[in-house]
Amino acid sequence: MSKTKLVYKDAKSHKFWEVEAKGSSINILYGRVGTKGQTSVKKAKSPDGAKAEVEKLIKSKLKKGYKKK
């Protein structure tokens, strides 16, 4: 699965969020635009489970106002 990059910008903040599924691992990179950001790794039970979780995370971020880059 390819990397998905989302950006959020309002009067107070400008931040990014990236997610990618590699096998059963979910790699997340997030932070303020202009910084290196922080990394988070989650484990799923299977590669299909990881893809489903990534889709769920993306939908959640889009509901919060993030936009695809």
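**Terms and the values behind them**

Student: What makes β1 and β2 a pair of strands?

Tutor: β1 and β2 are joined over six bridges in the antiparallel sense. The criterion asks for at least two bridges, so these strands qualify as paired. One example is Val7, which stands opposite Phe16 in β2. The two strands also form a hairpin, with four residues between them. The model is a predicted one.

Student: How do you know that β1 and β5 pair?

Tutor: β1 and β5 share two bridges, in the antiparallel sense. The bridge partner of Leu6 in β5 is Lys68, and that of Val7 is Lys67.

Student: Why are β4 and β5 placed at the edges?

Tutor: The five strands form an open, antiparallel sheet in the order β4-β3-β2-β1-β5. β4 and β5 each have a single partner strand, so one side of each has no neighbour in the sheet.

Student: How do you know that the span of α1 is close to what is expected of a helix?

Tutor: Helix α1 covers residues 47–63, which is 17 residues.

Student: What puts the buried residues of α1 on the same side?

Tutor: The buried residues are Ala50, Val54, Leu57, Ile58 and Lys61. They cover an arc of only 100° around the axis, and therefore lie on the same side of α1. These residues pack against β1, β2, β3 and β4. The face turned away from the buried side carries the exposed residues Asp48, Lys56, Lys59 and Lys63.

Student: Why is the contact of Lys3 and Glu18 called a salt bridge?

Tutor: The side chains of Lys3 and Glu18 meet at 3.8 Å, N to O. The limit is 4 Å, so the pair qualifies. It links distant parts of the chain, with Lys3 in the segment before β1 and Glu18 in strand β2, 15 residues apart.

Student: Is Glu18 counted as buried or exposed, and what value decides it?

Tutor: Glu18 has 15% relative accessibility. Buried means under 20%, so Glu18 counts as buried. Lys3, at 47% relative accessibility, counts as partly exposed, because that class lies between the 20% and 50% limits.

Student: What makes Lys56 and Glu53 a salt bridge?

Tutor: The closest N and O atoms of Lys56 and Glu53 are 3.9 Å apart. That value falls within 4 Å, so the pair counts. Lys56 and Glu53 are three residues apart in helix α1, separated by about one helical turn. Lys56, with a relative accessible area of 56%, is exposed, whereas Glu53, at 25%, is partly exposed. By this rule the count comes to two salt bridges.

Student: Which residues make up the largest nonpolar core, and which element gives the most to it?

Tutor: The largest nonpolar core has twelve residues, among them Leu6, Trp17, Ile26, Leu57 and Tyr66. At least two residues come from each of β1, β2, β3 and α1. α1 gives the most, with four residues. Leaving aside neighbours within four places in sequence, Leu57 is in contact with Trp17, Ile26, Ile28 and Lys42.

Note on methods
Residues numbered from 1 in each chain as written. Predicted model: local features only at pLDDT ≥ 70, side-chain atom pairs only at ≥ 80, totals over all residues. Heavy atoms only, no water. Expected span 1.5 Å × (residues − 1). Buried < 20%, exposed > 50% of the residue type's maximum accessible area, 1.4 Å probe, protein only. Arc of directions from axis to C-beta. Contact = heavy atoms within 4.5 Å. Core = buried A, V, L, I, M, F, W, Y, C linked by side-chain atoms within 4.5 Å.
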